[in-house]
Amino acid sequence: MTYWVMFVLASWLAVLLLLRFQGIKEYWPAALISALVVYMVDMTGTELGAYRFTQAFLLNGVPVIYLGTVAALGLIYMRFYPRRHWEQLVYVFVIAGLFLFMEYLMMKVGNFHHKNWNFWNSYFLNLFGLMIISWLSTRLKVQEPLERRLRKRAKI
């Protein structure tokens with residue numbers, strides 16, 4: 001349980017440093033979208049026996065505290081989501097790799113275990129999940145407040 005607490009605290013500290021309260025206010029829908037998408041994906045993965053989480057209070061196989069970490073990372077992810085399509089592609093591939101590294105760390109400390117799964121499966125699932133989060137967030141205009149601010153600055 002200790003590592004779960006460290007992960008969630010580090011994630012929210014990063015949010016406060018990178019986005020501050022104004023960014024949280026503007027990007028909160030991305031946090032909800034991220035937590036919902038990851039919950040659905042991981043609930044399915046655990047129910048199918050691909051992997052399992054340990055050392056935490058689980059809701060349908062998914063640690064509740066983990067969803068707090070996912071929400072924080074969703075805020076950061078969408079705050080820095082690039083505008084150009086080719087940059088978005090690179091960004092998603094890099095972030096999926098970073099999440100894979102986090103998975104590796106979670107396995108090393110005993111919070112996560114592969115059963116009928118491997119790192120390649122995780123990488124592709126990360127890519128798919130990030131694409132869904134990006135698509136839903138952009139369709140719901142999560143980035144619009146930042147774009148409005150940038151336009152106002154350009155007019156000044």
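Which residues of α4 are buried? The legends below take up this question and then turn to other close-up views.

The structure shown is a predicted model, in which local features need pLDDT of at least 70 and side-chain atom pairs count only at pLDDT 80 or more, while totals for chains, interfaces and linings use all residues. Residues are numbered from 1 along each chain as its sequence is written, and side-chain values use heavy atoms, with hydrogens and water left out.

**View 1. Helix α4 and its cover.** The buried residues of α4 are Gln88, Tyr91, Val92, Ile95, Ala96, Leu100, Glu103 and Met106, where buried means under 20% relative accessible area, exposed means over 50%, and partly exposed lies in between (1.4 Å probe, protein chains only). The cover over these residues includes α1, β1 (51-53), α3, β4 (112-114) and α5; helices (H or I, at least four residues) and strands (E, at least two) are DSSP runs, numbered from the N terminus. The 24 residues of α4 should span 34 Å at 1.5 Å a residue, and the end C-alpha atoms are 35 Å apart, which agrees; the expected span is 1.5 Å times one less than the number of residues. Just after α4, Gly110 takes a positive phi of about 90 degrees.

**View 2. The largest nonpolar core, around Leu75.** This core has 25 residues, and Val15, Leu75 and Tyr77 are those with the most contacts inside it; a nonpolar core is a set of buried Ala, Val, Leu, Ile, Met, Phe, Trp, Tyr and Cys residues joined through side-chain atoms within 4.5 Å. At least two residues of the core come from each of α2 (20-47), α3 (64-79), α4 (85-108) and α5 (119-139). Apart from it lies another core, of 14 residues, including Val38, Tyr39, Met43 and Ala50. Leaving aside residues up to four places away in sequence, Leu75 touches Trp12, Val15, Leu19, Ile24, Tyr27, Trp28 and Ala31, a contact being heavy atoms within 4.5 Å.

**View 3. A nonpolar patch on the surface.** Leu13, Leu17, Leu18 and Phe80 form this patch and together have about 390 Å² of accessible area, calculated by the Shrake-Rupley method with a 1.4 Å probe, with only the protein chains shown counting as cover for residues. Patches are made of residues with over 30% relative accessible area and no salt bridge, like charges being joined within 9 Å and nonpolar side chains (Val, Leu, Ile, Met, Phe, Trp, Tyr) within 5 Å. Leu18 belongs to helix α1 (residues 2-18) and is partly exposed, with a relative accessible area of 45%.

**View 4. The salt bridge between Arg84 and Glu87.** A search of the whole structure finds one salt bridge, defined as a side-chain nitrogen of Lys or Arg within 4 Å of a carboxyl oxygen of Asp or Glu. The side chains of Arg84 and Glu87 meet in a salt bridge at 3.3 Å, N to O; Arg84 is exposed at 51% relative accessible area, whereas Glu87 is partly exposed at 25%.

**View 5. Gly49 in the loop between α2 and β1.** Gly49 counts as buried, at 13% relative accessibility, and touches Lys115 and Asn116 when residues up to four places away in sequence are not counted. Although Gly49 and Lys115 are 66 residues apart along the chain, their C-alpha atoms are separated by 6.6 Å.
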